[in-house]
Amino acid sequence: MSGVVAAGAHQTGESVIFWVLAVASVAAALGMILVRKVVYSALLLAVVMLSLAVFYAVNEAPFLAFVQVIVYTGAVLMLFLFVVMVVGVSSTESMVETIRGQRVAAAVAGIAFVALLILGFGHATLPATTGLKDANAAGGNVLGLARLIFTKYVFAFEVTSALLITAALGAMVLAHRERITPKPTQRQLSEARIRSDRVSPLPPPGTYARHNAVDMPALLPDGTVSELSVSPVIARRRGGTHEDLHGELPEVAAKHEATTLRAVVERQVEVDSKVEEKEK
Amino acid sequence: MTGHYLVLSAILFTIGGVGVLIRRNAIVIFMCVELMLNATNLAFVSFSRMHGTLDGQIIAFFVMVVAAAEVVVGLAIIMAIFRSRKSSSVDDANLLKY
Amino acid sequence: MTPGIIAAADIPAPHLEYGRLAPILIVLGAASVGVLIEAFAPREYRYWAQVQVALLGLVGAFAWTIALSMSGTPHHVAAMGAIGIDGPTLFIQGTILVLALLSLLLVAERRHEASPFTAQASSVPGSAEERESLVAGITQTEVFPLLLFAVGGMLIFPAANDLLTMFVALEVLSLPLYLLCGLARRRRLLSQEAAVKYFLLGAFSSAFFLYGTALLYGYAGSVRLSDISAAISKQAGGEPLLLAGVALLSVGLLFKMGAVPFHVWKPDVYQGAPTAITALMASCTLVSAVGGILRVFYVGFETLRWDWRPMMWAVAILTMLVGAIVAITQTDVKRMLAYSSVAHGGFLLTGVIATNKAGLSGTLFYLAAYGFTTVGAFAVITMVRDAGGEAGHLSRWAGLGKREPLLAGTFALFLLAFAGIPLTSGFTGKFAVFQAAVAGGATPLVIVGVLSSAIAAFFYVRVIVLMFFSDPAADGPAVVFSPTSTAAVAVGALVTVVLGVIPGPALHLAQSAANQLFVR
């Protein structure tokens with residue numbers, strides 16, 4: 001793997017990769033901090049991370065390139081996406097400034113910071129690139145890394161175990177709910193059901209010809225909306241005023257459905273009566 | 001090429017830092033911190049190649065492990081506050097001040 | 001392909017000096033035992049088992065630390081050079097362990113109410129579920145292993161001899177603290193908010209620490225402090241990398257100790273966190289952070305001190321002044337103590353800037369003295385209680401001295417020690433660091449320090465006046481005595497007085513610890 005990118009022969013190849021992916025990653029990073037939707041931010045971060053994985057491969061770090069894809073993009077970013085989905089995929093952020101001029105000040109500070117760093121790098125006389133050919137020679141990149149992990153950095157490696165236990169314990173503390181009351185048995189559940197107002201199943205949501213969304217309420221025979229037909233979780237998520245697929249309010253949509261239905265039924269009645277007349 | 005990578009990592013690091021300052025959704029702020037850590041890793045990896053030692057790659061590897069643990073704890077805390085307030089905006093977290 | 005066989009023969013077995021690492025390993029081991037108790041022990045036994053394991057772990061680690069410092073074997077780096085166990089480090093580790101024991105007394109507190117921590121962290125504040133778990137009387141005993149993990153990280157942080165170990169230790173000490181901050185029993189929304197703020201700002205600052213590390217690695221080709229120091233004296237070229245690296249690394253370090261302008265998290269987190277955890281953060285975390293700063297600046301950047309000193313001067317002056325001035329406007333006791341802790345960070349930095357043996361020993365003494373006083377002060381806060389938990393607002397403390405003269409008197413003693421009045425440990429500590437700073441050529445800093453002390457004395461005395469010379473409200477807070485928190489207050493008060501009246505032995509101990517300097 002280390003032989004794939006030899007320093008000299010692939011210099012032009014490397015600069016092409018660099019310029020393409022550098023532009024892409026900076027654009028994605030800028031997009032990440034500027035777009036309003038949280039999901040887009042997460043996906044743009046994925047673009048940056050994948051570009052970095054390619055940079056690692058080019059920089060003679062094949063093992064890290066894979067770890068970047070598997071651990072960072074694969075696990076860490078997916079965790080982010082899970083949380084974004086729980087919080088609400090459509091969640092956007094209001095872009096109104098609470099502290100006036102904060103954004104401009106942050107941008108100015110950022111530009112000053114990066115200009116200072118780049119100027120510094122320009123003045124720093126970096127030694128010539130040695131390349132990792134020698135370091136990767138004895139047994140390859142992975143073996144070289146293993147040698148360091150289990151000798152020079154063995155203590156840090158062992159201490160990370162404390163970190164991982166803390167993370168697992170912390171997630172348990174904040175997310176695990178212990179059952180305080182005993183779990184109701186099947187019998188208790190059925191008895192509670194019989195004693196409740198409604199023994200029969202709840203009405204299904206209004207999946208009609210024009211709508212098949214679970215957040216469309218069903219219509220009762222008298223044309224009114226049945227609140228019970230939509231799961232309260234979904235109704236709450238949409239703030240109670242869920243729009244239908246055509247951008248109408250639920251009441252309007254339900255009324256629309258009702259008129260359509262009535263028209264269809266009336267037409268059918270008309271057709272039926274015509275058929276009856278003909279038969280006579 | 002090391003200089004190029006360094007400049008790129010500085011730019012990405014700064015973008016992440018500015019993101020932390022201007023965004024108000026806790027999840028996005030945390031993603032910006034992750035961007036900063038990634039930029040740091042890029043610097044480590046390119047320095048590693050420059051010096052011809054694998055130490056930089058090891059450090060980048062450790063950073064990934066630490067970041068993974070940090071993400072677990074951080075997202076658990078953010079979820080906890082989201083569940084009690086139905087908002088993940090840091091502007092709504094304003095009970096403590098003065 | 002037989003890479004496995006090659007690997008086994010090729011990698012030499014690392015050599016770990018278990019005897020020298022024992023304090024760290026004992027604490028982390030006790031934390032792991034705590035996790036196992038949490039997993040397998042029935043709930044009714046958990047609390048006692050956890051308290052015993054935590055006590056045993058901390059006492060055992062402290063005893064081992066004493067044995068290590070008495071053994072007299074020459075100090076050298078341990079764990080393949082990753083850890084430096086030496087005089088100053090042993091002093092710092094011992095201090096952290098004793099202060100952690102005192103904080104543990106507050107964490108294990110059960111007399112005031114079922115526990116200072118939430119019954120169930122996963123239940124939404126104010127929900128029926130939360131009420132149910134409160135009624136059921138369950139408690140979140142996971143706080144004990146989390147506390148031990150945090151203490152383990154604090155022990156490693158000042159001992160870390162390379163920046164990678166230091167970074168990992170920083171996270172090991174921070175992650176449990178982020179979690180613990182959000183677990184208060186009362187005012188849970190505030191507590192969760194404190195956890196989010198601490199977490200986001202902490203992660204932000206550790207990114208700066210890491211970028212600084214990256215630039216220093218680029219400069220020196222290694223993250224070991226001694227190698228960086230050697231590269232600096234060789235003047236390898238690439239100074240901009242070095243200077244930027246030092247600056248960014250300092251941001252991460254100064255954040256942990258809460259120096260201005262990186263102090264903004266401190267009042268919010270101190271106020272929102274459970275008071276037992278605030279005591280832990282105000283004492284142990286500060287000691288550990290300053291220990292790390294001492295090692296980095298004394299071992300890594302000592303030869304560079306003409307470059308970092310101006311920056312540290314500015315930070316120290318700002319920290320002393322802002323901490324003291326903003327504290328005056330505070331109306332919450334915990335917030336006031338948080339700003340006072342910021343100001344004390346500035347005094348500690350004066351000792352760091354001195355960069356001489358006296359500065360080192362002065363800072364060590366100051367850390368121990370301040371740690372005991374602050375744990376005692378926060379222990380007093382846990383005892384002054386209203387119907388809704390601790391009486392945080394200063395106005396509620398009015399007239400406390402007339403109703404509970406003993407407790408109010410002890411609190412007044414702590415405040416006077418914070419102000420640096422003679423015959424308290426605070427005076428001796430300030431005297432030690434200021435003397436070292438004058439010797440190190442930082443006289444203007446000392447003048448600012450004295451000025452800041454005078455400003456600070458104003459608001460400390462104001463609180464004392466409030467407690468003793470105003471009339472108590474009819475529905476004023478009650479003082480709840482309990483064996484554990486009374487013990488913490490008593491130890492804090494005793495040490496504050498002893499270090500003030502007969503500081504000789506402790507000063508001598510700090511001096512002999514500092515004489516050995518840091519190993520490289």
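Two helix axes count as roughly parallel at angles under 35 degrees, roughly antiparallel over 145, roughly perpendicular at 65 to 115, and oblique for the rest; the axes are lines fitted to C-alpha atoms over the stretch in contact, with angles running from 0 to 180 degrees between N-to-C directions. This is a predicted model in which local features need pLDDT of at least 70 and side-chain atom pairs count only at pLDDT 80 or more, while totals for chains, interfaces and linings use all residues. Residues are numbered from 1 along each chain as its sequence is written, chains are lettered from A in the order in which they are written, and side-chain values use heavy atoms, with hydrogens and water left out.

Begin by selecting α3 (62-87) of chain A together with helix α2 (residues 26-51) of chain B, helices being DSSP runs of H or I with at least four residues, numbered from the N terminus. The axes of α3(A) and α2(B) come within 12 Å and cross at roughly 175°, and the two helices are therefore roughly antiparallel to each other. Show side chains next: among the residues of α3(A) that meet α2(B) (contact meaning heavy atoms within 4.5 Å) are A:Y72, A:V76 and A:F80, and those on the α2(B) side include B:F30, B:M31 and B:E34. The residues of this contact divide into 12 nonpolar, 3 polar and 1 charged, where Ala, Val, Leu, Ile, Met, Phe, Trp, Tyr, Cys and Pro count as nonpolar, Asp, Glu, Lys and Arg as charged, and the others, Gly among them, as polar.

Now widen the selection to both chains, where 81 residues of chain A are in contact with 64 residues of chain B. Chain A and chain B bury about 6,800 Å² between them, 75% of it on carbon and sulfur atoms, buried area being the accessible area (1.4 Å probe) that two parts lose on being put together, summed over both. Pick out A:I33, A:Y72 and A:F80, which supply 10% of the area that chain A buries against chain B, more than any other three residues.

Finally, select B:R49 and A:E60, whose side chains meet in a salt bridge (3.1 Å, N to O), that is, a side-chain nitrogen of Lys or Arg within 4 Å of a carboxyl oxygen of Asp or Glu. The whole structure has 16 salt bridges over all chains. B:R49 lies in helix α2 of chain B and A:E60 in the loop between α2 and α3 of chain A, so this pair joins two chains.
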